[in-house]
Amino acid sequence: MSMQTVASNNATTSQDACYISLLGLAEYFRTSQPPNIKKCIQCLQALFTFQPPSKVEARTHLQLGQILMAYTNNTDMARTHLEAAWKLSEPLLNFDDVKFDTASLLAELYLQIDQNSTSKAILRKAIELSLNNVYWHCKLLLQLAQLHANDREYNLASELLAVGAESAEEAGATYLKVLFLLSRAMILMIERKTNDVLALLNSAGAIIDNHINNPHQKEYLKVFFLVLQVCYYLALGQVKTVKPSLKQLQMSIQTIMAPNWPTDEVIFGQNPLEMFVWLPKEQLYVLVYLVTVSHSMMAGYMDKAQKYTEKALTQIEKLKAQDDKCILSVFKVILLEHIVMCRMVMGNRELAIREIAAARDVCLSSGPNGQLLKRHAAQLHCLVGLYAMSTSFFEHAENQFLTCVNETTERDLKLFAKLNLAIIYLRTKRDQNLKQILDAVSTENTHTYSSQALMGGFYYVQGLHAFHKASFHEAKRFLRETLKMANAEDLNRLTSCSLVLLSHVFLSISNSKESMNMVTPAMQLASKIPDIHVQLWGSAILKDLHRMSKDAQHEKEALANHVKYSENLIADQLKCVQSIHHNLIDWLKGPPPPTNATAAAIATINTASSNNVATTTGQSASPQATALMSPIVSPTIQYTNQSPLNAANTMQQHHNFQQHQTHHQQSYY
């Protein structure tokens, strides 16, 4: 061996030693307590002074990008390093981990700075380059599908997920194939492609039952499958039909949460093509609570809904204390939206506006891009509209519902808002507006695709309209149709509403026997829910019925109950108008206004949230954390759990309006 060769080898060895020393020192500073990120970055940057080979240079740029995203808010410098890493690694062969990790992280960074199209472009390029690496190909497909779903480009998301399912099948990755099928079913569920959703769920269910051998992975897939099945039925308003699936889901989550259940890392950390999971088990636990709350609300079990909401919110706070993931804020907002309607049904409107404000605060503190606020603004307007209508601020309520209709693309939410607008027009005697909106609802919605609860609500509104026109025969026809739909699926609130209105119809035509036959079960159901508005209305009817039959004792009892319910609502109304959150009824454009008491706190939370987002992103790019990945989550679950709840509570404001009518008409009977 020549002296020149020996010298060259010694130089290379010395250079390698420098690389290793600097990397070790950088890692030492990163893992120190507290971390010394400045010195860590200086060590990594020092590597470039040795003019390292392309692969070393690219890897170092990637590491710097990860560190900067995880520990700082310097997105410009992080972007510079990641773009350099991508430029160097893109043409290199056998360098997949660095190349595709860089592409994935760079796409996340572009997303943070609102460059969605650039993010999608780099992912498309990386997907083309990853055809021979199934793990990265599937991971990048999921990431791009998530971006398209976030932007409501559902067809593109669905197509990417279909490609992913085919790729997984070709690679013999059955577990991964089922994840793609179920993720695609979520997208189709948003699009209300009912038949396609059923076909995919049936296909995925058969594979889970017959071809998934690992019992732990099988249980996770079963939970994913059952969550979608439950949401599918709830979206159609099928409360009774969903019960067996919900019970199975609750049993499955108990199995997964048992103390002897292995960690996610053990279950999914062995085979690269199985290093994917929809949600970690702690988040699945919250999600099962959430769908249980949704079912309880639709079925009219307010006490249960409140109990499960409190448990879920407690669990969320525990998880947020450990690691404040964005999905936890999504869950929290949805739960608050549920509990708000629960409060209004029970007559606790002051608590409701407080919790609307709490949901607003979560949205305002959800990171620098405000994605959560964008997604929930229409729902918040709808909730504020319900609150304004329940407190008789009809003009404000109308403006809120119109804003909701204009801001949402979700058909069920539009229908819900329009039904409540119809009640406002009925209450304010705007017959032309009422006719226009009922005609529009009738044209836009069909039995085939709409929620059974919402369509039952539509018949109820028509029945109420007919009642106010004194078209009693027509009112009975609509309300019997509502009852048929409500009884078929155990929609107890819709049933109690229809019964009390039917009772009022029979009372109006002096058929006291049939009126009593309707109001008695209505009051029994209302007390179980409990629904103070139906109870108020029903007690007024009972008072008049007992007076007509000269039953003084029962008339006195009914009057006492009526006074009690009235006083409770009047006292609550006074609290509402004195609440610092009541001014939310004036919010129509832009972010909802924070109260003076919370404005400073929200500013602090925003800063912390921004840091948390950066940390989370950095961690997800690390080799250890990428093993566990969540396919498309929030956009679908957010809506499929929400609209049925709204549907179940469409009637709340109708009773509230009717309560005023009954109160003012007492002397007539």
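This is a predicted model: local features need pLDDT of at least 70, side-chain atom pairs count only at pLDDT 80 or more; totals for chains, interfaces and linings use all residues.
Let me begin with the charged side chains, for the structure holds 24 salt bridges, and I have picked out a few of them. In helix α1, which covers residues 3-31, Arg30 and Glu27 sit 3 residues apart, about one turn of the helix, and their side chains meet in a salt bridge with an N to O distance of 2.9 Å. An α-helix has 3.6 residues a turn, so residues three or four places apart point the same way. Arg30 is partly exposed, at a relative accessible area of 25%, and Glu27 is partly exposed as well, at 37%.

The pair of Arg192 and Asp412 has its closest N and O atoms 2.7 Å apart. Arg192 counts as buried at 16% relative accessibility, and Asp412 is buried at 3%.

Asp531 and Arg493 also form a salt bridge, again with 2.7 Å between the closest N and O atoms, and it links the loop between α25 and α26 to helix α24, across 38 residues. Both of these residues are buried.

Turning to the cysteines, a search of the whole structure finds 0 disulfides. For Cys40, the nearest cysteine sulfur is that of Cys43, 6.9 Å away, and Cys40 itself is buried, with a relative accessible area of 2%.

Technical notes:
Residues are numbered from 1 along each chain as its sequence is written. Side-chain values use heavy atoms; hydrogens and water are left out. A disulfide is a pair of cysteine sulfur atoms within 2.5 Å. Buried means under 20% relative accessible area, exposed over 50%, partly exposed in between (1.4 Å probe, protein chains only). A salt bridge is a side-chain nitrogen of Lys or Arg within 4 Å of a carboxyl oxygen of Asp or Glu. Helices (H or I, at least four residues) and strands (E, at least two) are DSSP runs, numbered from the N terminus.
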